[in-house]
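Visitor: I am new to this structure and would like to know what stands behind the words used for it. Could you show it to me, please?

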Amino acid sequence: QVQLVESGGGLVQSGGSLRLSCAASGRTFSTYNMGWLVQAPGKEREKVATINWSGANTYYTDSVKGRFTISRANAKNTIYLQMNSLKPEDTAVYYCAADGRYSDLSIPTYWGQGTQVTVSS
């Protein structure tokens, strides 16, 4: 069982930056693929960024490439999402997610409660 707790969301002006963190419980954190998914009002959840268990491979949806960076610190059981040049369309609830090392996180097994990111224009 993995428990995920997000932090770092908030209100920021367009062009600003935020860093989200996700702390995970459990002794097997380093074996999980991790990621951030979003759910905007009236839309389904979708992947924003993922990072594999070793940190060697990352994925970004097209709309955030060059602006967001996902990273992980296995010694701290934590992943991060550095978000720069934020736009109003980035406004959403951001969920931390985890799954096994062979998962692409399309339908993750474990979810956090989510943290709200609001970007004002």
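Visitor: How many aromatic pairs does the structure hold?

Guide: The structure holds two aromatic pairs, where rings of Phe, Tyr and Trp (its six-membered ring) pair if their centres lie within 6.5 Å, and planes under 30 degrees apart count as stacked, over 60 as edge-to-face and the rest as tilted. This is a predicted model, in which local features need pLDDT of at least 70 and side-chain atom pairs count only at pLDDT 80 or more, while totals for chains, interfaces and linings use all residues. Residues are numbered from 1 along each chain as its sequence is written, and side-chain values use heavy atoms, with hydrogens and water left out.

Visitor: Why is the pair of Y32 and Y110 called edge-to-face?

Guide: The ring centres of Y32 and Y110 are 6.0 Å apart and the planes stand at 85 degrees, so the pair is edge-to-face. Y32 lies in the loop between β3 and β4 and Y110 in strand β10 (residues 110-111), so the pair ties together parts that are 78 residues apart in sequence. Strands (E, at least two residues) are DSSP runs, numbered from the N terminus.

Visitor: And what makes the pair of Y95 and W111 edge-to-face?

Guide: The rings of Y95 and W111 have centres 6.1 Å apart and planes at 90 degrees, so this pair is edge-to-face. Because Y95 lies in strand β9 and W111 in strand β10, the pair ties together parts that are 16 residues apart in sequence.

Visitor: How do you know whether Y95 and W111 are buried, partly exposed or exposed?

Guide: Buried means under 20% relative accessible area, exposed over 50%, and partly exposed in between (1.4 Å probe, protein chains only). Y95, at 12%, therefore counts as buried, whereas W111, at 29%, is partly exposed. In the other pair, Y32 has a relative accessible area of 14% and is therefore buried, and Y110, with 17%, is buried as well.

Visitor: What makes a set of residues a nonpolar core, and which residues have the most contacts inside the largest one?

Guide: A nonpolar core is a set of buried Ala, Val, Leu, Ile, Met, Phe, Trp, Tyr and Cys residues joined through side-chain atoms within 4.5 Å. The largest has 30 residues, and those with the most contacts inside it are L4, M34, W36, F68, L81, M83 and Y94. Among the elements that give two or more residues to this core are β3 (18-24), β4 (33-39) and β9 (92-99). Contact means heavy atoms within 4.5 Å, and, leaving aside neighbours within four places in sequence, L4 is in contact with residues including C22, M34, C96 and Y110.

Visitor: Why is A92 called buried?

Guide: A92 has a relative accessible area of 4%, so this residue is buried. The place of A92 is in strand β9, and, apart from neighbours within four places in sequence, A92 is in contact with V38, Q39, A40, T115, Q116 and V117.

Visitor: Is E89 buried or exposed, and where is its place?

Guide: The relative accessible area of E89 is 61%, so E89 is exposed; its place is in the loop between β8 and β9.

Visitor: Which residues lie nearest the centre of the largest pocket?

Guide: Of the 17 residues lining the largest pocket, V38, E46, S63, E89 and D90 lie nearest its centre. β5 gives the most to this lining, with three residues.

Note on methods: Helix = DSSP H or I, 4+ residues; strand = E, 2+ residues; numbered from the N terminus. 1 Å grid on protein atoms, 1.4 Å probe; cavity = no way out; pocket = protein on both sides within 12 Å on 5 of 7 lines; lining within 4 Å.
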